[in-house]
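Here is a briefing on the structure shown below. It goes from single residues to the whole chain.

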Amino acid sequence: MLRRLALLTAAPTLLLLISSPARAGVPAPPLPPGAPAGAVTPAELMSEVVTKTNQRRHANGCGQLAVDRELTVASIRQSIYMARTGLFSHVWRDGTTFVARSHAAGYAQPSGENIAWGYRTADEVVDAWMASPSHRENILNCGAHSIGTGVAYGVNGLPYYTQVFGWD
């Protein structure tokens, strides 16, 4: 199975994580029709990604990241866009960036975005990000305070993941 990772960071880099879309008051996208048997809901994956990320941060001496509603909205929009279009990119076809998506969602100071697709579990995607020096750097940036995560399934049944980090 093909798996992809990408990173986009605004200088200086700072990360944010969300613990649950429900906690942030944002509905996660549903499983698509015909999702594989045993597929985990986007909300469950989003929560697990935050938990796993915060565990990695704790093990490396960083504080936990708080879930931010606006960053969650921006993350979910990015994941839905990638899942619907099949375009794996930080920049939409119309030129929209993670900074613009974050601002549109009401978040003033986004710092970076991690994206990935094709990983079946939160452990797999967080392990992949941690194996990538630039993604790992984002996750282990102890100056970060907040995060939003998004997960959406494509028609191919594969999940598309997004983490958007911010300074507040």
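Glutamine 78 is buried, at a relative accessible area of 0%. Buried means under 20% relative accessible area, exposed over 50%, and partly exposed in between, with a 1.4 Å probe and protein chains only. The model is predicted: local features need pLDDT of at least 70, side-chain atom pairs count only at pLDDT 80 or more, and totals for chains, interfaces and linings use all residues. Residues are numbered from 1 along each chain as its sequence is written, and side-chain values use heavy atoms, without hydrogens and water.

- Helix H2 holds glutamine 78. Helices (H or I, at least four residues) and strands (E, at least two) are DSSP runs, numbered from the N terminus.
- Not counting residues up to four places away in sequence, glutamine 78 touches Ser89, His90, Trp92, Arg101, Glu113, Ile115 and Thr162. Contact means heavy atoms within 4.5 Å.
- Alanine 152 is 74 residues from glutamine 78 along the chain, with 8.9 Å between their C-alpha atoms.

**Threonine 96**

- Threonine 96 sits in the loop between helix H2 (69-85) and helix H3 (98-104).
- Its side chain makes a polar contact of 2.6 Å with that of aspartate 94.
- Leaving aside neighbours within four places in sequence, threonine 96 contacts His90, Val91 and Arg101.

**Aromatic pairs**

- The structure holds 3 aromatic pairs. Rings of Phe, Tyr and Trp (its six-membered ring) pair if their centres lie within 6.5 Å; planes under 30 degrees apart count as stacked, over 60 as edge-to-face and the rest as tilted.
- Tyrosine 81 and tryptophan 92 are stacked, at 4.4 Å centre to centre and 15 degrees between the planes. Tyrosine 81 is in helix H2 and tryptophan 92 in the loop between H2 and H3, 11 residues apart. Both tyrosine 81 and tryptophan 92 are buried.
- Tryptophan 117 and tyrosine 160 are also stacked, at 5.9 Å centre to centre and 15 degrees between the planes. Tryptophan 117 lies in strand S3 (residues 110-117) and tyrosine 160 in strand S5 (residues 159-166), so the pair ties together parts 43 residues apart in sequence.
- Phe88, Trp117 and Tyr160 make up one aromatic cluster.

**Disulfide**

- A search of the whole structure finds 1 disulfide, defined as a pair of cysteine sulfur atoms within 2.5 Å.
- Cysteine 62 and cysteine 142 form the link, with their sulfur atoms 1.9 Å apart. The link is left-handed, with -70 degrees about the S-S bond.
- Cysteine 62 is buried at 7% relative accessible area, whereas cysteine 142 is partly exposed at 42%.

**Whole chain and confidence**

- The protein has 5 helices and 5 strands, in the order β-α-β-α-α-β-α-α-β-β from the N terminus.
- Of its 168 residues, 51% count as buried.
- Mean pLDDT is 83, and 78% of residues reach 70 or more. pLDDT is the predictor's confidence in each residue, from 0 to 100.
- Where pLDDT is low, the predicted coordinates should not be read in detail.

Technical notes:
A polar contact is a pair of N or O atoms within 3.5 Å; within protein, one must be able to donate a hydrogen and the other to accept it, and residues adjacent in sequence count only if both atoms are side-chain atoms.
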